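Open the model in your viewer and keep the selection tool ready. The tour goes stop by stop.

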Amino acid sequence: MNPTFLTEDFLLQSEEARQLYHKHAKNASIVDYHNHLSPKDIAENRQFSDLTEIWLEGDHYKWRAMRINGIDERYCTGNATPEEKFVKWAETVPKTMRNPLYHWTHLELQRYFGVTELLNGKSARKIYEDCSTMLQREDFRVQGLLAKMKAEVVCTTDDPCDDLHYHEEMQSSKTLKMLPTFRPDKAYTFAGSASYASYVQKLAEASSVNISSIQGLFRALENRVNYFHDHGCRAADHGLETLPFSNITEKEAEKLFVQALEGHPLTTAEAVGLRFIILSHLSTLYHSKGWVQQFHLGALRNNNDRMLRELGPDTGFDSIGDFPQAQTMARYFNHLDSGNQLAKTILYNLNPADNELFATMTGNFNDGTTAGKMQWGSGWWYLDQKDGMEKQMNTLSNMGLLSVFVGMVTDSRSFLSFPRHEYFRRILCNLIGEDVKNGELPNDMALLGQMVEDVCYNNAKTYFGF
């Protein structure tokens, strides 16, 4: 391997940055408070059969890159053999230089498997064979992989109907805390077909509540919030284009709910109104439980109809949307704050044009009750790369307090994605180190080191109460 690439001082461009990273960030445990890992795989301590199974299956980041590189779909989601798929990915890796995938790929190979050779078409088969062999060892099962990365807390993303029995199985673990996150998107996604009624029926069965009215829906959701809380849940998450706001009354919402339940389509304004009533009711429940509510806003999903039909959602055909955010977001939070029912909140934007908007919006509703009660979250999805993280932290520093930031998450379905925390920590330390070198911050390693430790670990532990 090139001795100047991925050394122990990777991304650390000053002595100050190196001190901060190696003394204060490197060895901190990980609180991964938002991901899409499989609770089943964690609880059952899954063993993967080969490197493709653990690394490429379900990874739409890699699939997008392969498609851009002219690789046939057979090698992404199709019926090619695992080794054939891996070789095609390896042939794509050199083409990803300056894309974050290039850094992530080599970080993951090095941190989990000790591979320091660059991945390409020539090195592919040996790396595939060596790593696949290592995956058969006991310490390379899922829980061992998480332990290698010093993962202390992982918060999965779970539907209100989930029975959380895998979380129950993990309650006795002394090394890893696996907690659920309440993700109720299907409760306010009105497709204008039988699918919504089908989901509501599933929710009714899970909660043992008859749902024939919107009040029934509220009772069912409250039942599941209580159930999740009893299983250690302390956070909810939502994926939306924008936060809704409407002056709709609950009486009007009742009619619309019945209409949606019967499979009749709603107009855009009607859907926004009904979504606002349901979501704001949920937000008040979160506040009553002391939970953190997270909002991931701005994705334009399922853009390719042909590939959606062939492969389904979450396969690499989503992009950044340019939705107006500020007005309805402000009115949504103001509605909750007016009744003193605004929970701790983390906002994530996908469009970088909204950075300053989101950073300043959080300041409108911090009330001194909790440090960083309203958070602007880490760079998400297309923005969780070096440039995106730097812009997020610089904007947050300019318009808020970086020192109370709750830090990075993987937001991933892959058990090999945890070096993203290292990537973030190196970038954080380098930003602060550059300020010290330029005379913009005092050369006080104790002061700055405490800030680094807080952002990397302490703040999240305190904020969520883990």
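Start with helix α4, residues 60-68: 7 of its 9 residues are buried, so the rest of the structure largely encloses this helix. Buried means under 20% relative accessible area, exposed over 50%, and partly exposed in between (1.4 Å probe, protein chains only). Helices (H or I, at least four residues) and strands (E, at least two) are DSSP runs, numbered from the N terminus.

This is a predicted model: local features need pLDDT of at least 70, side-chain atom pairs count only at pLDDT 80 or more, and totals for chains, interfaces and linings use all residues. Residues are numbered from 1 along each chain as its sequence is written, and side-chain values use heavy atoms, leaving out hydrogens and water.

Stay on α4. Select His60, Tyr61, Lys62, Trp63, Ala65, Met66 and Arg67, its buried residues. Their cover includes α3 (51-55), α5 (82-92), α6 (100-113), α14 (305-311) and α18. Contact means heavy atoms within 4.5 Å. Now look at the start of the helix: a side-chain oxygen of Asp59 comes within 3.1 Å of the backbone nitrogen of Tyr61. After α4 comes Gly70, with a positive phi near 85°.

Next, helix α1, residues 15-25. Glu16, Ala17, Leu20, Tyr21, His24 and Ala25 are buried there. Look down the axis of α1: these residues fall within an arc of 130°, so they line one face of the helix. The arc is taken from the directions from the helix axis to the C-beta atoms. Color α18 (419-437) and α19 (445-464), which are among the elements covering that buried set.

Keep α18 and α19 on display. Each supplies at least two residues to the lining of the largest cavity. Select that lining: Val31, Tyr33, Val406, Met408, His421, Phe424, Arg425, Val455, Cys456 and Ala460. The space inside is about 60 Å³. A cavity is a set of points on a 1 Å grid over the protein atoms alone where a 1.4 Å probe fits but cannot get out; lining residues have an atom within 4 Å of a point.

Now pick His296 in strand β5, residues 292-297. Buried or exposed, by relative accessible area? His296 is buried, at 3%. Its side chain makes a polar contact of 2.8 Å with that of Asp237. A polar contact is a pair of N or O atoms within 3.5 Å; within protein, one must be able to donate a hydrogen and the other to accept it, and residues adjacent in sequence count only if both atoms are side-chain atoms.

Key: 1 Å grid on protein atoms, 1.4 Å probe; cavity = no way out; pocket = protein on both sides within 12 Å on 5 of 7 lines; lining within 4 Å. Points joined across faces, edges and corners; volume = space filled by probe spheres on them.
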